[in-house]
Amino acid sequence: MKALAVTGLGVVSPIGIGHAAFAEALRDAETARDRAFAGQPTVLDAEKVPGARAAEVRDFEPADYLGSKGLRNFDRLTKMMIVAAKLALEDAGIKKDGQFVGSAAPKVGICSSTAYGSLDAITELNLVAELEDPRYINPARFPNTVINAAAGYVSIWEDLRAPNVTVVDGNCGALDAVLACDTHLLHRRGDVFLVGGGEALSEPLYLAFRKLGIVAEGDDTLGSHLGEGAAYLVVERREEAEARGVPVRALLAGYGTAFEPPLSPAVLVHASADSVRRAVRAALDDAGISPGDVDAVCCAAGGIDLIDREESAGLAAVLGTDVAVAAPKLVYGESFGASGALGMATALAWIDGAPVAPLVSGSAPGQVRTVVVTAVGFYGNVSAVVLRAV
Amino acid sequence: MARVYVTGMGVVSPVGIGRAAFWEALTQGTSGVAEVTLFDTKGMDRNLACEVKGFRPRDFLTAAEARHVGRCSAMSLAAAREAVSHAGLRPEQLAGERTAVILGTTMGEANILGELESAWIHAGTDAVPTAKITRYGTTLLPIHVARAFGTRGMVQTLPAACAAGNYAIGFAADQIRAGRADVAITGASEIIEKLEFAGFLRLGAMTPDVVRPFDRDRRGLLLGEGSGILILESEEHVVRRGATPLCEVGGYGLACDAHHITRPHPEGEGSAHAMRQAIESSRITADQVDFINAHGTGTQANDPIEARVIKDIFGGRRVPVSSNKSVLGHCMGAASAIEAVACVETILSGIYPPTMNLEQQDPECDVEVVANEARRGDARVVLNNALAFGGYDAVLALAKLGVLPADTGAA
């Protein structure tokens, strides 16, 4: 792809709301992690899910950002996504005080990922339908059950009329949103895109992963550390960003993806080093760079050994074993459809000087100019993105 | 920029499984409406839908596949197998890194989620079957298809609600044009699920009897389900393997109303923009469009706005318009994919399928509807129109071979 300009960033995360707070927290990863995972998450009922350990976006008051009107029928995912989108648009100087800046507003769209959508909205309606009567479900909440509803609400709230695209590729979705953005910018279906995604922690999601036996609880270090959040990069064609006179924070330079089926048709959940290798290789080729150009990898490791070891092997196959590979999900949790978005936000923080941590291999680089962000799905798909300093 | 062709199609629909049965029923106007059998509708005061009847996954899937998939993926696989066979692609021409699988849906494997939630709500976590948890995931639709054909390229799911088919097909064509794939298995799938049924009922959008697109007495939609899959190939790939394409994929248009989560924009602003983009990016003019396969849900809100947009764009020329939803119901995410299959059949046969149940056309829907009987006509360029929850608008252009100028869809 032709390198695209990243001109803004909005983050709602368990370690901070706003890109500055997020980057600041990454400066001390250990403290950030301890805070993010401390105590019982409020979205998980302590009686039903005692001892739950997850990284929640705490003290999240959407009204502080959006005002109190019109939020009633939004679920948690929608509210996190709208706040992240709003922060991103303001950061990029596209909007100020809720209004587009300048007379010729750019055509803004959104390419947004989520893996499980508004699971809590679906559950809320199912509870009524199953325990009371399907006729009593709240029609104002019904649209939330549709996976793309949250992104639809972002466009309505922010008045974004260029294409609105939701991508659901499990953990890879937010990186695949980069492909959607690149495609639609290339065809001039919009001038600016919000690129990223969101995922909300909810009781059914937590219970499902716990039932699978892959959630780290108590003092376990092994297992998935569930999290949540939303993040959007503001992405536009470089020449137009420069013409607009806004600072270009970094370049989105390459994208790659690959799928590998399992060796046995009886297997469903799996990962393969080969798909990691191919996806990363393709992203480097797409960016026109070689493995030696990569300063750091923001990897997808989240505590599930079956997945993480394949990723390590695949990364080593392309990049060798000296490059700094860090696993920030150990700090802010596994947020599935949002994870690639938080990964890209992390890469931007590294380019701006935050330490590459927590390292899983290699040694900390001096200056970070080129970062590979990876995402590994549960079913054999892998995506990778290259972010570079300007 | 290289041309992209449709070389194969497969369909699982409420009026027939397989292309031949589907097209026969659609052109005859044979209704797919019947009483709901998938779940109990007791007390819901509606009991009609357009279910896919007699679909037995094991007729199309291996035993291992059947164990892993929900109904939505099962239909996707069945339609994909028909499409691949129709395209005459040999396994080695399809397997590998140069084939993409890009599918749309609204809710994907919704029945698996429904079963998981029902077990949990009534009997607690202990009652939830662990193996079933990993079988829920909207991302699984293209994964199951990729596994079946040994493809190793991109797998993408675009949940664009009722515009998902056009989203997926258009995006797949983009990827081939960009050189990221030679072949794409694309389209969309959807199943009818109890919560969706109850939801549309509560929105007051469901008719008690039949779907009457563009009629003065239209009373709403009926839910449908199924899968429509197209095989798209680059010109180079088609030439290399000596295949004969069915038609060419033109441009497409996308827009967002940013107006209301379920209702279309009152002036159809986004929809008109998307339709103009589809025409312009095909490098044609509006007067080259011969037929429009309408969204035509039969709801109060949709039909007049759609008619208004068509009138705005085509001016005094009364381009023939028809809605398949009077026959198929609203197959939601799958709708525009199944309707894309119908568009290709129209291009191949020169037959416009009828809009059934039209007795008194609403003056607010003043377009040239192909009413109650199929009609023959030119079909050089056909538009497939879709609107969706989220304020989504998506229009896809499909064209007879040799009609579009060479740089169709170019950036």
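A salt bridge here is a side-chain nitrogen of Lys or Arg within 4 Å of a carboxyl oxygen of Asp or Glu. This is a predicted model, where local features need pLDDT of at least 70 and side-chain atom pairs count only at pLDDT 80 or more, while totals for chains, interfaces and linings use all residues. Residues are numbered from 1 along each chain as its sequence is written, chains are lettered from A in the order in which they are written, and side-chain values use heavy atoms, with hydrogens and water left out.

**View 1. Salt bridges between chain B and chain A.** There are 6 of them between the two chains. One pairs the side chains of A:Arg161 and B:Glu269, at 2.6 Å from N to O.

**View 2. The area buried between chain B and chain A.** About 6,300 Å² gets buried, 65% of it on carbon and sulfur atoms; that is the accessible area (1.4 Å probe) the two parts lose on being put together, summed over both. B:Arg147, B:Leu195 and B:Arg202 supply 11% of what chain B buries against chain A, more than any other three residues.

**View 3. A:Ala88 in helix H4 of chain A.** Helix H4 covers residues 76-91. A:Ala88 counts as buried because its relative accessibility is 0%, and buried means under 20% relative accessible area (1.4 Å probe, protein chains only). A:Ala231 is 143 residues away in sequence, yet the C-alpha atoms are 8.2 Å apart.

Conventions. Helices (H or I, at least four residues) and strands (E, at least two) are DSSP runs, numbered from the N terminus. Buried means under 20% relative accessible area, exposed over 50%, partly exposed in between (1.4 Å probe, protein chains only).
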